[in-house]
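User: I would like to learn how to read a structure like this one. Please take me through it feature by feature.

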Amino acid sequence: MPSPFPPGGSNRHAADLPHLWLPYSQMETAPFPLEAVRTSGSRITLADGRDLIDGVSAWWTACHGYNHPHLHEALIRQAAAMPHVMFGGMVHEPARRLAERLADLLPGDLERTFFTDSGSVAMEVAVKMAVQYHLNRGVTGRTKMLSFRGGYHGDTLGMMSICDPEEGMHSLFADVLPQQILADLPVDDTSTTALEAQLKERGNDIAAIITEPLVQGAGGMVFHDPDVLRRLREMCDRHGILLILDEIFTGFGRTGSMFACEAAGIVPDIVALSKALTGGTMALAATVARRTVFEAFLSPDPGRALMHGPTFMANPLACAVANASLDLFETEPRLEQVAAIETQLRRELEPCRDLPGVRDVRVLGAIGVVELDILEDADALRRAFAERGVWIRPFRRIVYLTPAFTIAPEDLSVLTGTIVDVLRERA
């Protein structure tokens, strides 16, 4: 069957693609998509024979690069034994082992894992846990979430209600979303005082404070200091509020430590994980709670159980691959590789700072960001990058890199050099 995908340079639009509905795209005007046929390491091979160096590691998931043999071997072994079994009334070794390993890796007493299959659902579960935690302890009225401007936590209806309503992606749904509480991150004295005032006024309404630690990812790759997390932990403790950290993007080494919360030396009450959990091979997510949160659900009363259970919860294939991914963090120098990437990104993106139209250049771990004053046509910029052999996906007003931790230095130099060249030409 011939491919419906035309070669590069076609004037067709995404809406001409038969049957598929693409994400985050106005398909009437979006360019016709590229067709990927193979991956290897940090490269994506297209149907027209071109290779692209992937600068975003499959939406921040492929931390070990594509097609790592250890992940594939684990997948094949598990597929031969048991691809899937329901997790209601049954458990299996891949899930038991993965939950134990996550408990060992995460700080403090984060020791009870509830598995799901996407980051948005992991956060939905975290919110349900937080609300029911208070109810199970006889505390009524704490039903609201407090989240922060610039934050993003997923596209489900529940998660849209705690994303920044002004960032545009979910504004159409304002009339149907639950009303939560929005604040500015406490990054300085003014914002800290303002948050304290909100907590004084509405603290008894709040079940949990939710944030992305160190980096607000889809909100624009906005960084904040570890002191912000320490302030939030102290405020939550003082007001009897749970702290939920969304480590879906930051977890598993992306910011330089295994988990971003380690930089602040704090323990959240609940943490959500996904993306790099399986090294970009399978869909899997986890919501991990502290011992005190889990204990609030233990009761002879069945009504106090957590009533949630995705059909593909704790899929054995995904759990097996996640265990293999953790093997690689133990046996290969991933965090050292992230440190080397950080050094290279700082050096090689710095020339962008002097280009017209560049507002900021910032780097943390394996995240490199060039923020522009304005980005009028992200699709045109994306095409310009692809024409030069790299896959970089600008959004909002940023051009960013989140490469695989295994990327070769020379490939990273191609990515950074292309950004500098294309932005210089654009200026």
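User: How far apart are the mean positions of the positive and negative charges of the protein?

Analyst: Lys and Arg count as positive and Asp and Glu as negative, while His and the chain ends are not counted. Each charge is placed at NZ of Lys, CZ of Arg, CG of Asp or CD of Glu. In this protein there are 39 positive and 55 negative charges, and their mean positions lie 2 Å apart. Bear in mind that this is a predicted model, where local features need pLDDT of at least 70, side-chain atom pairs count only at pLDDT 80 or more, and totals for chains, interfaces and linings use all residues. Residues are numbered from 1 along each chain as its sequence is written, and side-chain values use heavy atoms, with hydrogens and water left out.

User: What does the radius of gyration say about the protein?

Analyst: The radius is taken over C-alpha atoms, and the globule rule is 2.2 Å times the number of residues to the power 0.38. For 427 residues a compact globule would have a value near 22 Å, and the protein agrees because its own value is 22 Å. Along the principal axes, its C-alpha atoms fill a box of roughly 65 × 55 × 45 Å.

User: How many helices and strands are there?

Analyst: Both are DSSP runs, numbered from the N terminus: helices are H or I with at least four residues, strands E with at least two. The protein has 12 helices and 16 strands.

User: Where does UniProt place the feature "binding site"?

Analyst: UniProt positions follow the numbering used here, feature names are shortened, and annotations may be inferred rather than shown by experiment. The unreviewed UniProt entry gives G119, S120, D246, P310 and T311. These positions span 193 residues in sequence and the farthest two C-alpha atoms are 22.8 Å apart, so they do not all gather at one spot.

User: Is G119 buried or exposed?

Analyst: Buried means under 20% relative accessible area, exposed over 50%, and partly exposed in between, using a 1.4 Å probe and protein chains only. G119 has 13% relative accessibility and therefore counts as buried. Its place is in helix α4, residues 119–136. S120 lies in helix α4 too, and its 18% makes S120 count as buried.

User: Which residues does S120 touch?

Analyst: Contact means heavy atoms within 4.5 Å. Not counting residues up to four places away in sequence, S120 touches H153, G154, D155, T156 and M159. With neighbours within four places left aside, G119 is in contact with I248, S274 and A285.
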